[in-house]
Amino acid sequence: MRSQLYFEDMKIEKAELGAPSSVPDLVGGLVLQNNLNFFLSEDDEIYEGYGRCFNSYPYRQYSCYTRQLREETVKTAVLENDHLKAVFLPEYGGRLWRLFDKDRNRDLLYTNDVLRFSNLAVCNAWFSGGVEWNIGVIGHSPFTTAPLFTAVLEYEGTPVLRMYEYERIRRVTYQMDFWLGEEDKFLNARMRIKNDTSEVVPMYWWSNIAVPEFEGGRIIVPASKAFTFHDGGVYKVDIPLVGGKDITRYQNIPTSVDYFFDLPADAPKYIVNVDRDGFGLLQMSTDRLRSRKLFSWGKTRGGDHWQEFLTKDAGRYIEIQAGLGKTQYGCLPMAPHTAWEWMERYGAVQIRGQEMEKSFEELRGTVTAEVKAMPQWQEMEQILADTKKMAKTRAEVIRRGSGFGALEARLRDQCGDRRMEPHLDFAGSEEDPGCWAEFLENGTLKNPDPAEAPEVYVTGREFYDRLKKYVDENEETAGWYAYYQLGVLLFQKGEYEAAKKEFLRSIESQENAWACHGLASVYTVEGRKKEACSAVRIGFCLQREDLSYVKEVFRLLVMNKGFREVEELYQELDEEMQKEGRIRFFYIQALAENGREKEAYRLLRADGGLVIDDIREGETSLGELWRKIRAAGENGEEELPYEFDFTAL
């Protein structure tokens, strides 16, 4: 058959994602990479912590999803030829959801049987399975659950699927072009990031590939060392034996861990996951994508619990990953007016049975030699060069993403800056940044109803300068919304005293819950706990029907030790909101802190045990709360119940 590109609906059991939070992510959450010590040599060149972000601003959190599943329709884009079928989810970050080897009738990726969200991404909601494309900031992409621009074009008679967006934190564009030639046995992925600004920006890219955790499975990668976290810091270790265990036989790995393999500069860039019979996935790339990684949940009860929590019946998985930097502990500096391009290929590999009996070192040598001899590897750099013109060709847009690329393009036109990628059509998005587009056109910011959540948030020096000028020139009449948005931008700049002034002006202009949240966030970072609790409590009274706002209220109260306030406000919620897992957890925590351990224990264990839908990766709060309550109880310590154990380390 000729290579095909078509769009169809897929039926799948799916949880409800819910709307984004009505307030911006200012204070931030638990980010494990933000508190690391490094014990590396002077020639390792790890950009330790470079480009870390302590919140997701201007992106908002998705924290109101549930775990209940129901069959729904999800839109897909499909590339297919006689050998492969690749299924993408354009509405969910362009995820490569399935890669099916038609020659062997085998799936090459771990494809989840459900779309079930959990708190593992930059913007909270994340789901496991397939290949995720992570851009810009450390962690799972802000686009994990967001629709991308989806377009089609042709390259030498072959249909090409293009997905792209504008990333707002780094202010860069990125595009992904996928195709299957008529005889291709590897999926082609041509990636491009363009920094059109005049500034050096921190850049991050990792292709996260979920693959089955095979019985007797092995990882092969052309490396002899890896960077990893253990004993309180980041170290470089020899592989395959770490702690006496061959970690490339990944079922040996005891706890949740990352291994960032240090690939030599002259090595082919690839990673393989195979079952005990030698069949599996080979991912390879051009040299720009220099690193490879293995992630395992390990074999602890907490790791097992996470594996079950993320799926229904699809079973266990590991992740193999490919990235720009040596590790995910920092970003790389990307020069102004620069494009980074590379190719990735995904396809089947079959290692002969007798080869699978070899040691890692012997198998690594054999597979590396075979990869080097493959035409599919040898021709990648040339194909990357040959398709440069195609990559800059305008494509027909089928579905649209956000309106922020169009907003940025308009801003740059006004400032006389270089235009963004002219071949990427950002116009006509359904998500129009509304009042900010009007602000750029006529210099006036509307003053909306304060009972309604703000539409969107902006970032960048140009917006700050224009908004500051607008407020200064209309000091008495700018309105609550302008003061509030200026306060948010000042907060993000770390100018907390100035931000507080604007939040107070916003409240004085017109009472609103949004500036109360901003004010509470300022007091939180300043350590003024009493004032933070007071401010956020006022906001609660104005937005007690807004679930995302209420969750943020309770979170800030707990961060500021406002346990009495949590108890009181919980009683003012309707029954449905009281049942929400995170809110109920905060209430139980408050009961325990206020000396009501027996009542807290009863609620914690009710209905088979409390479930927090948005429990965070690395968060051990459920287990810690259970231990605190048990330690204060009459029966002393027992083993931590499985349903509360998310400790994978």
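At what angle do the axes of helix α6 and helix α7 cross? The model is predicted, and in it the axes of α6 (residues 404-415) and α7 (residues 435-442) cross at roughly 15°. They come within 10 Å of each other. Angles under 35 degrees count as roughly parallel, so α6 and α7 are roughly parallel to each other. The crossing of α6 past α7 is left-handed.

Which residues make this contact? From α6 come Leu 407, Arg 410, Leu 411 and Gln 414. From α7 come Trp 436, Ala 437, Leu 440 and Glu 441. Sorted by class, the contact of α6 with α7 has 5 nonpolar residues, 1 polar residue and 2 charged residues.

Now to the backbone. Most peptide bonds are trans, and most residues other than glycine have a negative phi.

Start with the prolines. Where does Pro 58 sit? Pro 58 is in the loop between β1 (4-15) and β2 (69-80).

Next, look at phi. Is Asn 124 buried or exposed? The cut-off for buried is under 20% relative accessible area. Asn 124 has 3%, so Asn 124 is buried.

Asp 231 is in a loop, between β17 (225-230) and β18. Exposed means over 50%. The relative accessibility of Asp 231 is 68%, so Asp 231 counts as exposed.

How far can the coordinates be trusted? The protein chain averages a pLDDT of 95. At least 70 is the score of 98% of the residues. Over residues 30-34, however, the pLDDT is below 50. Beyond near neighbours in sequence, this stretch has 11 contacts in the model. Where pLDDT is low, the predicted coordinates should not be read in detail.

Definitions and conventions. Residues are numbered from 1 along each chain as its sequence is written. This is a predicted model: local features need pLDDT of at least 70, side-chain atom pairs count only at pLDDT 80 or more; totals for chains, interfaces and linings use all residues. Side-chain values use heavy atoms; hydrogens and water are left out. Axes are lines fitted to C-alpha atoms, for helices over the stretch in contact, and angles run from 0 to 180 degrees between N-to-C directions. Helices (H or I, at least four residues) and strands (E, at least two) are DSSP runs, numbered from the N terminus. Angles under 35 degrees count as roughly parallel, over 145 as roughly antiparallel, 65 to 115 as roughly perpendicular and the rest as oblique. A crossing is left-handed if the near helix is turned anticlockwise from the far one by less than a right angle, and right-handed if clockwise. Contact means heavy atoms within 4.5 Å. Ala, Val, Leu, Ile, Met, Phe, Trp, Tyr, Cys and Pro count as nonpolar, Asp, Glu, Lys and Arg as charged, and the others, Gly among them, as polar. Buried means under 20% relative accessible area, exposed over 50%, partly exposed in between (1.4 Å probe, protein chains only). pLDDT is the predictor's confidence in each residue, from 0 to 100.
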